[in-house]
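Here is a friendly walk through some features of the structure below. Have the sequence at hand as you read.

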Amino acid sequence: MSKVWMRKSLPQLIIVVLAIWMIAEYFIAVKWIENVGSILRTFQTSVGAFALGLGVVATVYQHGGHVWRRTPGRWFYSGVLLTTMTVMAVSGLIGWLDQPIFAYLWNNVYIPSQQTVYSLLMFYITYASWRALRISSIPSTVFMICAIIVMMMNAPLLQYYIPISTPLANWLFNIPNVGSSRGMALATIGGTIAVYLRTLLGRELGMIGITAGEE
Amino acid sequence: MSERLETRVRKSWLTPERAHYIIAIGIFILASVPLLTPFGLPLEISETTQAYYDTVETLKPGDIVIYEWNMGSAQFGEMGAPAIVQLQQLFNKAGVRIIVFQPTSEAPGLFDANIFPALDLKGKVYGIDWINLGFYPGGAVIAALATDPHQLFLKDHYGNALSQYSLWNDYRTGADCEMIIFNEVGHGGSYMTQFQIKWGTTIVGATVAAQYADCMLYYTSGQLKGVLNSLRGGAELEKLTNNPGRGLSAMDAMSTLHLWLILVVVAGNVQYFSKRRREGKR
C-alpha cells in the first residue's frame, strides 16, 4: 500500500465511516447500528483510560530525561515532580484514602495547594478591577456599571440593603446576556456543523496530523 | 515648600505598589474576619435557586436521579458546599434513588474525602437506594450512560460488580432516569444532548459563578429547570433545606469581599480623575 494511502486516506476513511455511524446511531433506532455504536463508545472510553497512562509515560520520559542529564535549573524540580508523582501513585494504588500517606498528602498538601492557587484569582481580579474598571470611555463605563450591579447582586448584604440591584442584575442576565449569548451560541453551532461537514467530506485533516501545506 | 517639592508630594501617595499592598491586606482582613466571627448578614433566595429547590422537591419515591460530581480540587472551595447540600437534599427525600457519577479523575477523591463524610445518608442503603459509579474517562461516557449503561459500566467506584445491585438493574437506559443533577463548570450540555432531547429528562444543576451567565441561557429557554449560582447558590439551598453548612458560613465573607471590590473600583476612579485633573492643570 502506498504511503499516501496509509498516512492520509486510511485514517480519513476510518474517521468518515465512524462519524457517519455515530450520527446514524443517534438518529436511527436500529438495533445492530446501536450495538456497534455501543462497542465504539466502550472502545473510546478504553482509549480515554489509556490516554491517562500515556500522560504518565510522557511525563516520566520528559522529566526523567532532565534528571538523567542533570539539566541545569530543571533537574531538581523534575526530580521533585517524579518523586511526588510516584509516592501519590503507589500509596493511592495500595489503599486509596485508607492509606495514611495518600490520605495525608491528599487532604493536607494536594487540595489546599490547588485551592490556594485558585484563590489567588481574587487578588488578580481585584487588581485588575482597580486598573481596568474606569470611567474613561462609554464602553468602559457601561462595563463598569454592569460589573458593579452584578457584584451587588452576588453580595447578599448589598442585595438586601439595595433591593434594586436584584431586578437590575436579573435584567442584565436575562435580556442583554441571553440575547448576545444566544447569537454567539448559534454562531458556534454553525461553525461546529461546518467542521463536522468538512470532516465527513474528508477536508479536515488537522486531526490526523496533516497540515494545509502537506495536503 | 518649593513648587517642585509640592508637586512631588501632591503627585500621589497612592503608588501602584502601595495600592497593591492595601488591596491585598483588605482582602485578607475582609475574608478572614467574617469566617472567624460570622456576622449573620441577611441572605435572600434568588429565583434560580428557588426553582432548583422546587424542581428537586417534585421527585417521588422510586424515582432515579443521576447526580454528576464533575469538579477538580481547585474549584472545591467554590463548589464543595453546593455539592454537599445538593446531595443532602436528595438523601433527605425518602425513596428517591441516586446514581452518583464522576467523569473527572480528581472527582472521586474529593467525593470520598470531602463530600461523603459530610453527608447524612438518612438510612439509604448502598446498592438499593444509591450507588457510586466512580470515574469513567472519555467524552462518550455520558452517551453510554444514556443509551447502554450496562455495556460500559461494569464495576462501581469500589470495584464491585454493578450487576449485583437492584438499583443498577432497574436503570437500563436514560428513559429510567427522572432527573439529572449536575455540579460542573458548564451548563450540563452533554445531558441535554444525550438525555433531554431523547427522553425529556429534567435537568437542574450547580455551576461556578463565571458560568452562571451561560446557564441563564438555558434556564430562560426552559432546558434547565433550576440553577445554583456557585457558593452563593449553595448557601441559599442550605437555607431552604434548613441544613446550614459551609456555604452559609462563607456568605458574610462573600458580602464583605464584594463590598471591598466595589470600593476598590470607586477608589480607582477617584485616583484616575484626580490624576487627569492634575495633568489638565499642568
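Helix α10 (residues 209-220) of chain B lies across β5 (202-207) and β6 of chain B, and runs at about 165° to β6(B). Helices (H or I, at least four residues) and strands (E, at least two) are DSSP runs numbered from the N terminus. Contact means heavy atoms within 4.5 Å, while axes are lines fitted to C-alpha atoms, for helices over the stretch in contact, with angles from 0 to 180 degrees between N-to-C directions.

This is a predicted model, in which local features need pLDDT of at least 70 and side-chain atom pairs count only at pLDDT 80 or more, whereas totals for chains, interfaces and linings use all residues. Residues are numbered from 1 along each chain as its sequence is written, chains are lettered from A and ligands numbered from 1 in the order in which they are written, and side-chain values use heavy atoms, leaving out hydrogens and water.

In chain B, six strands make an open, parallel sheet in the order β3-β2-β1-β4-β5-β6. β3 (130-135) and β6 (224-229) of chain B are at the edges with a single partner strand each, so one side of each has no neighbour in the sheet. Strands β1 (residues 64-70) and β2 (residues 97-102) of chain B pair in the parallel sense over five bridges; pairing takes at least two DSSP bridges between two strands.
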